[in-house]
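Please read these notes with the sequence and the model side by side. They are numbered by topic.

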Amino acid sequence: MSTQDDSGIPFEISNEQQNFRLLELPPSLLALIASKDPPNLWLKSAESPSANVDSKQPSPSVVLCTDDHTYQLRQVQSSNSVFILKPSESSRGDSSINSPSLSAIAQCTATLELIPSETAASSAMVSQILKKSLPSYKGTDTDMGLGTNTTFSREYKDKNALLQDTPISPEEFDKTWKQLCAFEVLGRAWLPAPSALAMVWKSILSAAIARGVNLEKRFELKSLAEMVGDDGFPWALFMAVVMRLVSDTDYLKNEYVSLSRDKTVQWVGIVCLQRAGESEQANTEGIPQSDFLAQWYDLLPEGWRKHASMDLLKAKYSHLDPSQEKTVFGENIFDPTSLETSPSANTSGKANRNWHEKFKLGRKS
């Protein structure tokens, strides 16, 4: 009677070991890669640890990005013996006939895990990088290098170069870029200061009044862009502000656009706070609430003024002296992750306090 050889498949360890890293994919990412239309993937690294928004947490050295998501890479050690095997052939004993076998060409003592980055943390990180990397546009007197004899003391980058140096996906980067109203002129990226944002928005309002354009309804961009340009503001900045405030369902078709009332009212209030915070006098003495609200109202279309309320800004300040209702405003007032939506204004809130109640605009200690 014949017997069946059940000694198993021969196993050997190759003398020449290769370097491999095992990458554990989240189910959602695995499904995308295995789909008929797999996404683009990038491995990106932070330019320096200082780019991290929280110095107490180490900056991720490498991230994996799809078009719209960012995953941090984390190395996890394993106590198990994990081998990478390759089919081979080997002979048994004195037999000259080779039989199938397995050869271990590498041993992995650690695996790489992909951890989805939190949206708020990613936006804050990109915001800080842009604020550190981009020159500030402070208004029409800013030297933007449009002349041939201008010399710059720092290296200027365009949007694409900044994206390449920022460990985040393109879509997440674009979202924060849009929230901060960053813009490009002649291949140089700029970040507008709060005072510049207030000035260009005021120019838009003035142009709308002069041309009889109702900003509360759908309007033609061309009717305002020329007049804002005549005031000396870059067309790219005008578009950055407009696109920051457009309705979520508006896609700029046929050169017409409509602004979101809720976005515009809250954004103008934030810009007013930031602009006031640039003043040394406001930082030390504060300004009356009535003065602040008057500035806010003046920068809104008339029909939207009733929706301006301190309730929209309550996450942006804290009381230093509750008995006198003085308020200090934080260094990072303009948090792009908190300005996506805004509740309906409640004009019976803080906005109706006495005129002598002051708001001190400064920095948290």
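Which residues are buried in helix α10 (residues 289–298)? The first point takes this up, after a word on the source. This is a predicted model, in which local features need pLDDT of at least 70, side-chain atom pairs count only at pLDDT 80 or more, and totals for chains, interfaces and linings use all residues. Residues are numbered from 1 along each chain as its sequence is written, and side-chain values use heavy atoms, with hydrogens and water left out.

1. Helix α10. The buried residues here are Gln289, Phe292, Leu293 and Trp296. They line one face of the helix, because seen down the axis of α10 they fall within an arc of 95°; the arc is that of the directions from the helix axis to the C-beta atoms. An α-helix has 3.6 residues a turn, so residues three or four places apart point the same way. Buried means under 20% relative accessible area, exposed over 50%, and partly exposed in between (1.4 Å probe, protein chains only). Helices (H or I, at least four residues) and strands (E, at least two) are DSSP runs, numbered from the N terminus.

2. Gln179. Helix α4 (residues 170–179) contains Gln179, which is buried at a relative accessible area of 6%. Its side chain makes a polar contact with the side chain of Arg244 at 2.9 Å. A polar contact is a pair of N or O atoms within 3.5 Å; within protein, one must be able to donate a hydrogen and the other to accept it, and residues adjacent in sequence count only if both atoms are side-chain atoms.

3. Salt bridges. A salt bridge is a side-chain nitrogen of Lys or Arg within 4 Å of a carboxyl oxygen of Asp or Glu, and the count is four. One of them joins the side chains of Lys159 and Asp174 (3.0 Å, N to O). This pair links distant parts of the chain, with Lys159 in helix α3 (residues 159–165) and Asp174 in helix α4, 15 residues apart. Lys159 is partly exposed at 24% relative accessible area, and Asp174 is partly exposed at 34%. Another salt bridge pairs Lys157 with Asp165 (2.8 Å, N to O). Lys157 is partly exposed at 22% relative accessibility, as is Asp165 at 28%.

4. Cysteines. The structure holds zero disulfides, a disulfide being a pair of cysteine sulfur atoms within 2.5 Å. Cys65 is buried at 0% relative accessibility, and Cys181 is buried at 1%.
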